[in-house]
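Try each task before you read its solution.

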Amino acid sequence: MSQTPAPGDRIHVDRSGRTYEGVLLPSSTDEHVVVKLEGGYNVGIDREEATLEVLAEDVYDVERAQAESDATSEIEFDEKLPTIALISTGGTIASTVDYRTGAVTAQFDAEDVLLAVPDLAGRANYRGRVVANILSENMEPPIWQDLAESVAEEIENGADGVVVMHGTDTMQYSASALAFMLETPVPIVFTGSQRSADRPSSDNVMNAVCAVEAAKSDCAEVLVCMHASESDTTCALHRGTRVRKNHTSRRDAFETVGAEPVGEVDYDDETVSFQGEYRERDAVDLAVEADLEEDVELLKFTPGMDPAFLDVAAGSAGLVLEGTGLGHVHTDLIQKVEELVDEGTTVVVTSQCLEGRVCDRVYDTGRDLLAAGVLEGEDMLPGTAKVKLMWALANAEDPEEAMRTSLAGEVQERSVPWESQR
């Protein structure tokens, strides 16, 4: 066939020695060809010097598909259903493909998420708002503050639960921040997606549905809801201050460190179950303390590190020092640490180990660090410790005492190997 390809035709594309076969889709620019491949992925190809051959006409009804995608999502208010606030900050769960570059770009707002995940309909009444529209690597503390205030406003306006759509790379930091900033009478559930909606293995639908179910539950804490395994059966509910992203791309990348997940959501039968203690719905009144001391650094010690690296924290309000083992650094760094403390920097030592807690009383180096004035970070995750120190320096009457106290489940009473609990 030699005719000009039209959207919906199956085509063969040859460019620069590479070939593609699939269905031609509409493109936002004349410079690019968009092809849906057999595996379900969409690919953008520079049209320049590309040869297109039509293999079959009208194999895909583009006009009907466009009409369906442009349809308005009619979600009527039902007095029998709870009201869930959907707050969007961007990220893969709210992303689409920019065919000019082939990159995944965050551009959906909360209403678009409702349209993109029709399975959400009928589960709740929804309110949507956009706090940010960024990739999560661009997340910054001022956005945490905006997010906390927005969540509080939604709760004040009657939301029975809140779902925060967030990119996965920095989700654990944002969840920790809200856990310290808010006393919440309703669930606040962070969720995201490891794989964008255009991919056949996307986890966006299941994570969003399970997050809404968790937001309707009785656990009034800040939670992270993501796949519990590689299968599409269950989402785990992780406490926001104990969760860590442990894989770059797996759908079950998030895991609770030092404990079991707070609960889980069965995707098939839509049930939410919990284990252990948690704060129940309406156990506290809503309170917001969103101030942050942003002048806090997180520094990882490594063998051979120049003590001059500590100069970056000179004059800072706080420093979280991620040491080895029980909380150790090279002896040559201790004098620098003591100088920082003497100059007014609050220094907290955590461990690079995924399990266990800091105990600087066992070896000479640890005792020397304590003598220098550092605070032990117990078994706090380093990222959580940084966020907590930012919050404590801005809000607590005694920041050092606050760092020693578990405020939002960030410190465990016992350090139990988390891998053995699966």
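**Exercise 1.** Find what share of the residues of the protein chain counts as buried.

*Solution.* Start with the cut-off: buried means under 20% relative accessible area, with a 1.4 Å probe and protein chains only. Then apply it to the 422 residues of the chain, and 48% count as buried. Keep in mind that this is a predicted model, where local features need pLDDT of at least 70, side-chain atom pairs count only at pLDDT 80 or more, and totals for chains, interfaces and linings use all residues. Residues are numbered from 1 along each chain as its sequence is written, and side-chain values use heavy atoms, leaving out hydrogens and water.

**Exercise 2.** Describe how α4 and α8 pass each other.

*Solution.* First, locate helix α8 at residues 382–395; helices are DSSP runs (H or I, at least four residues), numbered from the N terminus. Next, compare the axes, which are lines fitted to C-alpha atoms over the stretch in contact, with angles from 0 to 180 degrees between N-to-C directions. They come within 9 Å and cross at roughly 35 degrees.

**Exercise 3.** Which residues of α4 and α8 meet?

*Solution.* Contact means heavy atoms within 4.5 Å. On the α4 side, look for Tyr173, Ser176, Ala177, Phe180 and Met181. Their partners in α8 are Gly383, Thr384, Val387, Lys388 and Trp391.

**Exercise 4.** Among contacts between residues at least 6 apart in sequence, find the share that joins residues at least 24 apart.

*Solution.* Using the contact cut-off from Exercise 3, the share in the protein chain is 69%. To finish, count the elements: the chain has 9 helices and 23 strands, a strand being a DSSP run (E) of at least two residues.

Key
Buried < 20%, exposed > 50% of the residue type's maximum accessible area, 1.4 Å probe, protein only.
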